[in-house]
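Me: I am new to this structure and would like to learn how to read it, one feature at a time. Could we look at it together?

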Amino acid sequence: MGIQVSLSASHKTTLKWIVGRSLRSIGLLIGASFIVYATLRSTPGDMVSLIGMNLDESMKASLRREFGLDLGIVLGYIQWMFQALQGNLGKSTTFQPGADVAELAVPAFLVTLSLALLTLLIGMFLAFLLT
């Protein structure tokens, strides 16, 4: 005997709307991240040329292969996306060279999260006062 849940027509409509909206949001995130990735990859030069000005060509080629810059834009994006979904955002080449980007992003994310929660609380407090 399984549990059966019966939803009213309005609940089904709401659930359908939430699922549809969530799927569109995922598509929007993927599309936006691809546009940013493709734009950054389409700029003249690459990070290896910038940070490895004194390296010979074989070392530059090795670094391009390591960073996935030898792949096309679409394959590079797919590789980057799979790595990002596993929590590997890569290594910093500018802020703190060699440091994990995820570790560098955590403090900034926590500040952003605390500001968002504070804004939510203030908004809820004002909404309560004004109703």
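Me: What share of the 131 residues of the protein chain count as buried?

Reply: Before any value is read, please keep in mind that this is a predicted model, in which local features need pLDDT of at least 70 and side-chain atom pairs count only at pLDDT 80 or more, while totals for chains, interfaces and linings use all residues. Residues are numbered from 1 along each chain as its sequence is written, and side-chain values use heavy atoms, with hydrogens and water left out. Buried means under 20% relative accessible area, exposed means over 50%, and partly exposed lies in between, with a 1.4 Å probe and protein chains only. By that rule, 9% of the 131 residues of the protein chain count as buried.

Me: What are the overall dimensions of the protein chain?

Reply: A compact globule of 131 residues would come out near 14 Å, whereas the protein chain has 22 Å. Along its principal axes, the C-alpha trace spans about 70 × 40 × 35 Å. The accessible area, from the Shrake-Rupley method with a 1.4 Å probe, is about 10,800 Å² for the protein chain, and carbon and sulfur atoms supply 71% of that.

Me: How many helices and strands does the protein chain have?

Reply: Helices (H or I, at least four residues) and strands (E, at least two) are DSSP runs, numbered from the N terminus. The protein chain has five helices and zero strands, which gives the pattern α-α-α-α-α when read along the sequence.

Me: How many residues does H1 have, and how far does H1 reach from its first C-alpha to its last?

Reply: The expected span of a helix is 1.5 Å times one less than its number of residues. H1 has 34 residues and reaches 49 Å, close to the 50 Å expected, and H4 (residues 73-85) has 13 residues and reaches 18 Å, close to the 18 Å expected for it. Just after H4, Gly87 takes a positive phi of about 90°.

Me: Which residues of H4 are buried?

Reply: An α-helix has 3.6 residues a turn, so residues three or four places apart point the same way. In H4 the buried residues are Gly76, Tyr77 and Met81. Seen down the axis of H4, these buried residues fall within an arc of 135°, so they line one face of the helix; the arc is that of the directions from the helix axis to the C-beta atoms. On the other side of H4, Leu75 and Phe82 are exposed.

Me: What covers the buried residues of H4?

Reply: Cover is read from contacts, where contact means heavy atoms within 4.5 Å. What covers the buried residues of H4 includes helix H1 (9-42), and in return H4 is among what covers the buried residues of H1, which are Gly20, Ser33, Tyr37 and Ala38.

Me: Which residues is Ser33 in contact with, leaving aside its neighbours within four places in sequence?

Reply: Ser33 lies in helix H1 and counts as buried at 18% relative accessibility. Its contacts beyond those neighbours are with Tyr77, Trp80 and Met81. A polar contact is a pair of N or O atoms within 3.5 Å; within protein, one must be able to donate a hydrogen and the other to accept it, and residues adjacent in sequence count only if both atoms are side-chain atoms. Such a contact, of 2.7 Å, joins the side chains of Ser33 and Tyr77.

Me: Where is Ser92 found?

Reply: Ser92 is found in the loop between H4 and helix H5 (101-130), and at 9% relative accessibility Ser92 counts as buried. The side chain of Ser92 reaches the backbone nitrogen of Gln96 at 3.3 Å.

Conventions: Rg over C-alpha atoms; globule rule 2.2 N^0.38 Å.
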